[in-house]
Amino acid sequence: MIYCRVSSPRQVEEGHGLDSQEARCREYASRMKYEVIGVFQDKGVSSGIFDRPGMQKMLSFLQCCDDEKIMVIIDDINRFSGDIQVHWDLKARLAMAGGLLESPTMKFGDSPDDKLIKNLLASVAEHRREKIAETTKHRIQGRAMNGYWVFHAPQGYKYEKVAGHGKLLVRDEPVASIIQEALQGFASGRFETQAEIKRFLESKPEFPKDRRSGEVRYEEIIRLLTRPHYAGHIEIPNWNISLRKGQHDGLITLEECQRIQERIKEGARVPARKDINAEFPLRGFVTCGTCENPLTANFSKSKTGKRHPYYMCFTKGCESYRKSIRRADIEGEFETLLKQMRPSAKLLHCLKVIFKREWELRLDQMREIKKSLRRDIAGLDKQIETLMDRIVDAESTTAITAYERRIVRLAKEKLLKGEQLENGTAPQRPFEEMF
């Protein structure tokens with residue numbers, strides 16, 4: 001029998017590790033005049049794990065064989081195991097099942113010298129595996145500290161290779177735009193509850209659903225609302241990586257993200273009215289010509305089953321009570337009226353003067369806001385520095401913990417003000433273009 005193993009999915013997809021191991025083992029079997037009766041593989045499985053699918057199948061197969069002597073050929077000892085305890089446990093199970101271990105690269109004997117060499121090689125393999133894991137974790141943590149997300153891409157993002165960054169989170173359209181609309185809608189109050197966001201996402205065919213029924217779970221809504229990735233920031237508490245500016249572009253601003261967290265803490269909201277429907281955009285705005293009360297709207301079904309849209313007055317006592325007006329008629333007349341409305345040249349000139357004055361006043365306010373934000377950031381830096389000095393001098397664990405919490409809050413406030421300074425203190429376009 002031949003046993004092959006690679007430790008990462010990437011080796012399975014991009015490399016030929018399994019094929020090359022099998023080829024070397026087959027060449028060894030041919031040289032030793034062995035008949036190969038089976039090949040067992042573990043794809044993307046760590047060498048430090050005992051319970052591997054391929055290994056367990058091989059052991060079960062061995063137990064069912066009637067042959068007295070079956071050789072299990074491995075390319076190298078680290079393909080068999082990278083943990084000393086797992087190595088001996090697997091070797092004992094192999095022996096109980098009637099298998100003998102062989103390899104083209106070394107001899108598995110029972111002499112004291114052979115046992116010493118096996119122990120040394122197994123220990124080296126274990127050390128190598130642990131060292132690679134440690135180095136990889138440190139490298140990943142260092143990348144995260146520099147603002148890169150290092151785990152599975154969140155919903156609405158995907159990884160792409162970007163010059164100077166390596167793999168970087170980028171927008172995954174159209175899902176990114178759908179999530180952006182949902183988050184901005186909740187921050188602004190357009191969506192009052194999480195249930196409204198849920199219905200909004202379920203109404204979008206492009207948004208991936210959790211269930212076959214097309215339903216989005218509330219757990220997914222919470223993840224969308226609470227992840228700082230969507231504000232262009234990252235945070236990994238388990239690695240002591242506090243909130244910091246990410247290298248990727250956010251879908252919303254940090255201020256909008258902060259507002260979302262505040263709204264979640266504030267609790268329940270009155271749900272949006274269910275009678276507001278895109279099918280009848282004038283409902284609530286157009287009034288009855290007789291009683292001047294707002295018209296309502298609905299669909300009427302004909303004998304053929306076809307639905308026809310109408311506006312009508314439901315005010316009792318009105319002469320036009322329950323008289324239907326076709327949607328196409330009333331909305332067509334409204335559109336015609338809207339197109340006829342034109343401001344005069346004199347009114348436009350007055351408006352331009354007024355808006356220009358307000359524009360310049362707002363620019364002056366922005367300059368003052370910019371100065372204020374810079375003062376605030378400098379003050380926050382000073383507070384953080386003072387608290388750091390107190391931590392150094394503190395002896396009480398309780399005091400140190402309190403100082404650290406305060407520093408985290410101040411750091412988040414500094415990030416928020418920094419984003420406001422960067423994005424909110426200058427007009428995006430010149431006055432003439434905006435007017």
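Predicted model: local features only at pLDDT ≥ 70, side-chain atom pairs only at ≥ 80, totals over all residues.
**Close-ups: rings and a helix**

**View 1. F151 is partly exposed, with a relative accessible area of 35%.** Numbering runs from 1 along each chain as its sequence is written, and side-chain values use heavy atoms, leaving out hydrogens and water.

**View 2. Twelve aromatic pairs turn up in the structure.** In one of them, W149 and F151 have ring centres 5.1 Å apart and planes at 70 degrees, so they meet edge-to-face (Phe, Tyr and six-membered Trp rings pair with centres within 6.5 Å; under 30 degrees is stacked, over 60 edge-to-face, the rest tilted). Elsewhere, ring pairs join F355, W359, F431 and F435 into a cluster.

**View 3. R143 lies over the face of Y148, 3.9 Å from the ring centre.** The charged end of R307 sits over the ring of F299, 4.0 Å from its centre (Lys NZ or Arg CZ within 6 Å of the ring centre and within 35 degrees of the ring normal).

**View 4. Helix α2 covers residues 17-31** (helices are DSSP H or I runs of at least four residues, numbered from the N terminus). L18, Q21, E22, C25, Y28 and A29 are its buried residues. Down the helix axis they fall within an arc of 125 degrees, so they line one face of α2 (arc of the directions from axis to C-beta atoms). Just after α2, K33 takes a positive phi of about 60 degrees.

Conventions
Buried < 20%, exposed > 50% of the residue type's maximum accessible area, 1.4 Å probe, protein only. Helix = DSSP H or I, 4+ residues; strand = E, 2+ residues; numbered from the N terminus. Expected span 1.5 Å × (residues − 1).
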